[in-house]
Amino acid sequence: MTASPESASTDPACPPTTPFSFELYPPKSDAAATALHTTIDALAAAAPDFISVTYGASGSSRTSSLDVLRYILQATRVDPMAHLTCVGSSHAEASSLIREFLDAGVRSFLALRGDPPEGLAEGDTFLGDLQSAGELVQLIHRVQAERVPYRETPIPGLPRARAVKTEHEHVRIAVAGFPNGHPRSRSTAQDIDTLLAKQAAGANLAITQLFFHADHYLSFIQRAREAGVEFPILPGIMPVTSPGRLRRILELSGEDLPSELAIQLEVEPTAEGQREIGIDHAVTLARKLIAGGAPGLHLYAFNQHETVLTVLDRAGALAPGRSQPAPPTSPSASLGVHTGINSTKDY
């Protein structure tokens with residue numbers, strides 16, 4: 001097996017109190033749904049801050065996404081985060097969808113503009129009433145405020161009296177951030193301006209598009225903070241465990257080829273060796289990010305729990321009592337899946 005040159009990193013282990021979260025995608029069959037429940041149970045036992053569930057283009061996975069979110073709500077103590085896209089939707093359609101998720105008990109969202117519908121390209125007339133993720137953020141807040149305008153609570157000592165409470169439940173609304181720039185952005189300044197606009201709209205968290213070098217994230221954070229972005233920005237990490245997965249990730253994200261990692265994966269002849277290279281790279285990246293001040297880690301799980309839990313364990317982020325990773329049942333994983341990673345999901 002070819003060892004990663006970064007495996008000898010001197011970066012300290014992550015504190016066992018390091019917050020972390022995961023991303024999953026909806027299953028496409030009953031068998032996949034059963035397997036996903038096992039994965040959710042294993043991830044939930046590690047006590048993540050939240051588990052997010054992707055949402056297919058134009059609502060193609062609406063029902064299955066909601067089913068996964070409901071399972072997380074009912075079977076675990078973990079906060080489920082729903083991905084929502086608004087491209088091509090009317091105000092009424094988007095409002096109805098948001099209300100459906102809120103009625104199910106979801107209180108955390110990742111607000112994304114979304115990709116063009118199939119057969120259309122950027123520049124075509126397809127955006128609908130909501131032109132950006134920022135507008136979707138505002139709509140989520142508005143629907144939540146209208147949905148529960150007030151509540152009544154008993155007044156101690158007065159059995160028939162009720163007090164009206166006008167405060168609303170907290171809604172966590174995350175948005176996407178792009179350390180290496182959005183593909184449609186004209187400059188890094190535009191990326192930061194867009195993040196500021198999302199903050200002004202009411203977003204209170206950001207999750208980054210994936211990247212391969214800690215400096216890309218850390219310099220992005222510095223620019224964002226200097227510009228006035230105040231909410232936490234979680235780094236998105238994906239353990240890249242095969243050359244095929246790396247090619248697919250680059251195709252979806254538009255990121256530049258990480259040459260050292262690509263060469264290591266290509267020359268390693270075994271699937272298990274490739275998995276170790278990908279895990280080692282992710283562990284080193286996680287340690288550098290936390291040492292550099294990242295507020296937590298967000299891991300793209302590809303609907304499997306063994307690899308991401310191994311990354312957290314080796315990085316030092318799993319406290320005693322949290323789940324320890326089990327031996328992998330298979331070192332390979334399907335590439336034909338929907339993830340939250342794509343090139344035009346935001347803005």
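**Reading the helices and the sheet**

Modeller: Let us start with a helix and what covers it: the cover over the buried residues of helix H8 includes helix H7 (243-253) and H9. Please keep in mind that this is a predicted model.

Biologist: Thanks! Which residues of H8 are the buried ones?

Modeller: In helix H8 (residues 259-267), they are Leu 261, Ala 262, Gln 264 and Leu 265. Looking down the axis of H8, you find these buried residues within an arc of 165 degrees, so they line one face of the helix. On the other side of H8, Glu 260, Ile 263 and Val 267 are exposed.

Biologist: Let me step back. How many helices and strands are there in the chain?

Modeller: The chain has ten helices and eleven strands. It has 347 residues, and buried residues make up 52% of them. If you take contacts between residues at least 6 apart in sequence, 78% join residues at least 24 apart.

Biologist: How should I read a sheet?

Modeller: Here is the general idea: strands of a sheet pair through backbone hydrogen bonds, either parallel or antiparallel. In this structure, nine strands form an open sheet with parallel pairing, and their order is S9-S8-S7-S4-S3-S2-S1-S11-S10. S9 and S10 are at the edges with a single partner strand each, so one side of each has no neighbour in the sheet.

Biologist: Which strands are joined to S11 by bridges?

Modeller: Strand S1 (residues 20-24) runs parallel to S11 and is joined to it by four bridges. Strand S10 (residues 236-237) is also parallel to S11, with two bridges. You can find the pairs yourself: Phe 22 has Leu 299 in S11 as its bridge partner, and Gly 236 has His 298.

Biologist: Where do the side chains of S11 point, and are they buried or exposed?

Modeller: Leu 297 and Leu 299 point one way, while His 298 and Tyr 300 point the other way, and all are buried.

Biologist: May we try one more strand pair?

Modeller: Five bridges link strand S3 (residues 79-85) with strand S4 (residues 108-112), and the two run parallel. Within this pair, Leu 84 stands opposite Ala 111 in S4. Helix H3 (residues 91-103) lies across S3 and S4, at about 170 degrees to S3. Likewise, H1 lies across S1 and S2, at about 175 degrees to S1.

Biologist: Which residues of H6 are buried?

Modeller: They are Ala 214, Tyr 217, Phe 220, Ile 221 and Ala 224. These cover an arc of only 135 degrees around the axis, which puts them on the same side of H6. On the other side, Asp 215 and Glu 226 are exposed. The buried residues of H6 pack against several elements, including helix H5 (188-201) and helix H9 (271-291). After H6 comes Gly 228, with a positive phi near 115 degrees.

Biologist: What should I know about phi?

Modeller: Most residues other than glycine have a negative phi. Ala 47 is not a glycine, yet its phi is positive, about 60 degrees. You will find Ala 47 in the loop between helix H1 (30-45) and strand S2 (50-53). Asn 303 also has a positive phi, near 60 degrees, and lies in the loop between strand S11 (297-300) and helix H10 (306-315).

Biologist: Are Ala 47 and Asn 303 buried or partly exposed?

Modeller: Ala 47 is partly exposed, with a relative accessible area of 42%, whereas Asn 303 is buried at 13%.

Conventions:
Residues are numbered from 1 along each chain as its sequence is written. This is a predicted model: local features need pLDDT of at least 70, side-chain atom pairs count only at pLDDT 80 or more; totals for chains, interfaces and linings use all residues. Side-chain values use heavy atoms; hydrogens and water are left out. Buried means under 20% relative accessible area, exposed over 50%, partly exposed in between (1.4 Å probe, protein chains only). The arc is that of the directions from the helix axis to the C-beta atoms. Contact means heavy atoms within 4.5 Å. Two strands pair if DSSP finds at least two bridges between them. Axes are lines fitted to C-alpha atoms, for helices over the stretch in contact, and angles run from 0 to 180 degrees between N-to-C directions.
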